[in-house]
Structures are given as C-alpha cells and as structure tokens.
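Could you follow along with the viewer at hand?

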Amino acid sequence: MEWDLSDLYGGPEDSRLWEDLEAALALAGELDPKDLEDPLRAEALFRRYEEALEKAYKPLNYASLYFATRTQDPTAKALLDRVRSRYTEVRNRLVPLEVALRKLPEEAFRRLLEYEGLSDLRHFLERQRAYAPHTLSEREEELLNLKGLVGRSAWSQFYTEYTGRFRFLVGGKERTEMEVRALRRDPDPALRREAHRALYGKLLEEAPTLASVFNAVYLDYLQDLRLRGYRHPLEPVALRDEVEVKDIEALLEATEAHYPLVERYYLWKAKRLGQAKTPSEDLLAPLGEKPKVPFEEARALVLEAFRRFSPEMAAIAERFFEGRWIDVYPRPGKRGGAFCSGGLPSTHPYVLLNHTDDLDSAHTLAHELGHGVHFYLARKQRLLNFGASTPLAETASVFAEILLDDLLLERLPEEERTLLLAERVEDAIGTLFRQVMYTFFERRSLEARKEAALAPEEFHRLWQEEQARLYGAGVAWTELDRSAWAGIPHFVHYRFYTYSYALGYLVVLALYGRYREEGAAFVPKYLKVLEAGESLGPKEILAQAGVELGSEAFFRYGFGVLEAWLKALP
C-alpha cells in the first residue's frame, strides 16, 4: 500500500501549491505588530497569522511527504528545496510579530489575556510570554542567530559529517555506523562482539577530536545561559517543556532510586545467557527468535488491540488504511525508518513505514498509528493549539505499543511471552533509565566545562562512573565501553533533550497504571488528553486524566508497572 497525497495537492505541478505559498508571503507581510495593542484587532491578527502559517506549512508538508518516498528523484528534491526556501521567507516575515508579542508591555498583554475573543489562545499567549525575560532585542536575536551559524550549528554539522564518514570492517564487509549498531542485536555472538569492538574501538580512537566538539557546544550553551539570563542549566529545557526545574530534578532522583531494577534485569538476562554477568557486548543480544508477522496480520492485531481499548480509537486508525494515509513497504528511493506527519487541523496525518513482516514492524505500526490517532483527535483545536508538547509527544505512540503487547501476551506461547516481556523491560531501560543516565553525565560534564575544556580521559571517567551506577553488578564492561559517550549525537545537537524521553515514558506508564486501575472508565479521560493538543499545559492536561505530573503517585504508578513486568519474568 502506497499513500495517496491528493488530499493535499494533485501533484508537484499543482498550481494551488505555489498559490498558497504566495498567499502566505502576502499575509505574513501584512501583519502589523501594532494590532497587538488592541484586543479586537489582535483577534483578527491571530486569525491571519494562523492562515499564513497554514498556507505556508501545507505545501511544505506535501513536498516533504512527496520527497520521503522519492529521495533519489531530482524533481522531488528540487520541489522540496524550492518550497523550503519560500517557507523560510514566510517564517522570517513573521519574526517581528513574534518578538513584539513577547515584548508587549504588561498592561497591553493583560488586556489580551482578559479578552473573551482570545480565551482559546490564553495558553498560547502565556507560553510566548514565558520567554519574554530571555528574549533579547531584534538586533541581539539576529546576532545570536548569526553566532549560532559558526557556533553550535557549525559544530553540530561537523559532528554529523565527520562521524558519517566512519566505516567499519565487520563480518568481512565494510559497514556504516548504523549497520554496525544494528549488528549488536544479531543472534550470532561472534558477530556481536566484532561489531562491539569495531564501534567502540573507533570511538575511542576518535575521542580527542569528538571531545573538542563536545567542549565547543558546551561552551556555546554556557554563553547562551549567561546572555539570556538563565540561572540554572536546566531552565531553558524546563521552559520549553512547561515544567519546573524541580520537576526535572525529581524525575532524575526517582529514576536513580530505581536503578536496582536495571541491575536485577541484567542479572536475570545473564542467567539466560549462561553467564554470571551480562557481557557488555550482549546488552542488546536477542534471547530468542521473534515471530514473523505479515502486514495484514499486523494490521488486524493493531486494530484489535485498539478496539479492545476504545472502538473510537480503532475507527480512526482504520481510516488510515481506507483513505490510503499510510505508505507500508520499503522500496528503492524511499527513506528508511518510520514516522507520522501530523499535518494541520484542516488536513489529516500521514504515516510512513518500512514494514518487514516481523514483530518489530508490528510494534512500529502500532506506534505510528498511535501518533496518527493523537494528531487526528487534536484536529479539534485551532492551529496555534495543535500538536503536543514534549512531555506528551510520545504518549499515544508508546501507549499504543503497550496495548498491542497486552493482546500478544494473552496469545503467545510461554517462551515467546517471556521474550516479549524481556523486550518490554529492555525498552524501558533504554527509554527511561539510560536517558536519565545520559542526563546525569551531561550535567556533570557541562558543570566541569565551566572551569576548563575537558580532556577525553575526563569524559571517559564521568561516563564510566554513571554507567556503573546504573547497571551495578549486572554487566561486565570492557575497556572500550568508556568511549560510548562520543557516539551519542544528542549530546552535540541538543542540550538536556534526553531527559524528555524519560519523562514521556513515565507519563505513559502513569496513564497505563490508571487504566489498569480504572478500566473502561479511564478511556474517555485518555482520549481527552489526546484531543487537548496544546490548548493547555501538560500538567493541566494530565490532571484531567487523574495524573499529577511529578507527584509521588505519578512515580509510583510508573515504576509500579515496571516492577510488575520484571516480576512476571520467570
């Protein structure tokens, strides 16, 4: 099944695509920031602002989707390049209005908040206002953007290009980094060990160069904190995610308190492998052969899992197949991986897969359709409230995978059930515990960078200490493992982003814990979480489902689910 993009445009030559972009440019150029001073004029101003965004984004959405299945097609690439260029022009014309909103005098801003005609945009307005203390003048913002081109952006690009040229000889073949990382899950122990030595040996060899990159981006961030007046290194992240620094600290502490769960699991896995400890080369080793799941079977399983939870959720997911909003199989020129493009409130989401008829692909289908249901329900919101904040971005996707697993666990034979449970625990370790370990490492190394540039040996030491704290006596490490920090791109491209994976995962487990407790009564509360989009902050949205973000009960639900999974392992 290939997707049908005609709901957006008839094709790359559709004149409406360019008409929409020209209309967006015209609208963006006509927006007068002075209209913000009068609530009535501001109401019309925000409608035009949304219209400009929509007319600009819809062509970009189409061009991106069109290119995703034709990456080697010059026409598709040229279309995407042209549309991106015009979209950037539109965004640039909107900057004066966006800066003016953040800098609006307090009295004028209060009038906007109190005006009934803008009541559905109060959260959007408050979010913009939250950045006001850290927003500089237009000229200063321009200078910081220019600094970024030769600062963090340049180092980020260098890291990507430099590591992208790494090649590894494994199994008698030259391989890319992604291919070698995939081999760490190979059933053949000898191949896993060879891949492990090649990957981490290369990172150890390149550590001096990569340490220089880390030092540069860390210093860039420290300068930004000072220039923008942030008092804590986690403050920009907390502001973005609409939480407080103390909430992030509480998450880190609660997760650290449950580190023994990780040690317990890897001691269990070591026994399955016939070892006293799990060798680091076998951290990702499969424990058995996964069942084959053809696409039609995966489709039936996912829809049944959704239907058992909510017939409405299943009906929405069914529309992706009926309307051909989904592109299923790999083919030449199609990009790898999987994603869900949310679209706009006036359109609908699209899902891209590369289904390979295995259980992992079935989970990917559930994951991306979870996103699809989330975006579809959020279409009830206007554009400025559409989407999902970072803490809720993966809620529907991971929840959907758990629903599929619940169905599978009822049907699989005992040995396959054990393998699925083990995989579920390993997913939790990778998505929750390791991301917290990354955050501790990043925080400690950033703090050390305040004094002076860090030598590779210092990065090695900090990494080894954090790794040992997480895994305890469950894993036997090699000398090469101390270089793993150098191969984690998040440390270069973003600051403290990894914690958000952990937060999002705990949100899902807390919601799932409520579902186990309340049963069918929980379903409408969950769907309201998805419908809310960004009309409220994540704390307010979750509170409507009975989940208090960062509370003792929040952590008890989340880690209680993990405890139950671990106890179910024989």
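1. First, the residue classes: Ala, Val, Leu, Ile, Met, Phe, Trp, Tyr, Cys and Pro count as nonpolar, Asp, Glu, Lys and Arg as charged, and the others, Gly among them, as polar. By that scheme, the lining of the second largest cavity has 8 nonpolar, 1 polar and 1 charged residues.

2. Please keep in mind that this is a predicted model, where local features need pLDDT of at least 70, side-chain atom pairs count only at pLDDT 80 or more, and totals for chains, interfaces and linings use all residues. Residues are numbered from 1 along each chain as its sequence is written, and side-chain values use heavy atoms, leaving out hydrogens and water.

3. The whole structure holds 2 cavities of 30 Å³ or more. A cavity is a set of points, on a 1 Å grid over the protein atoms alone, where a 1.4 Å probe fits but cannot get out; lining residues have an atom within 4 Å of a point. Points are joined across faces, edges and corners, and a volume is the space filled by probe spheres set on them.

4. The top contributor is α17, with 4 residues. The lining has 9 nonpolar, no polar and no charged residues.

5. The second largest cavity, about 60 Å³, is lined by V243, D247, I248, L251, Y499, L503, L549, G550, F554 and F555. Here α11 (245-257), α20 (498-518) and α23 each give two or more residues, with the largest share, 3 residues, coming from α11.

Definitions and conventions: On a 1 Å grid over the protein atoms alone, a cavity is a set of points where a 1.4 Å probe fits but cannot get out, and a pocket is an open set with protein on both sides within 12 Å along at least five of seven lines; lining residues have an atom within 4 Å of a point.
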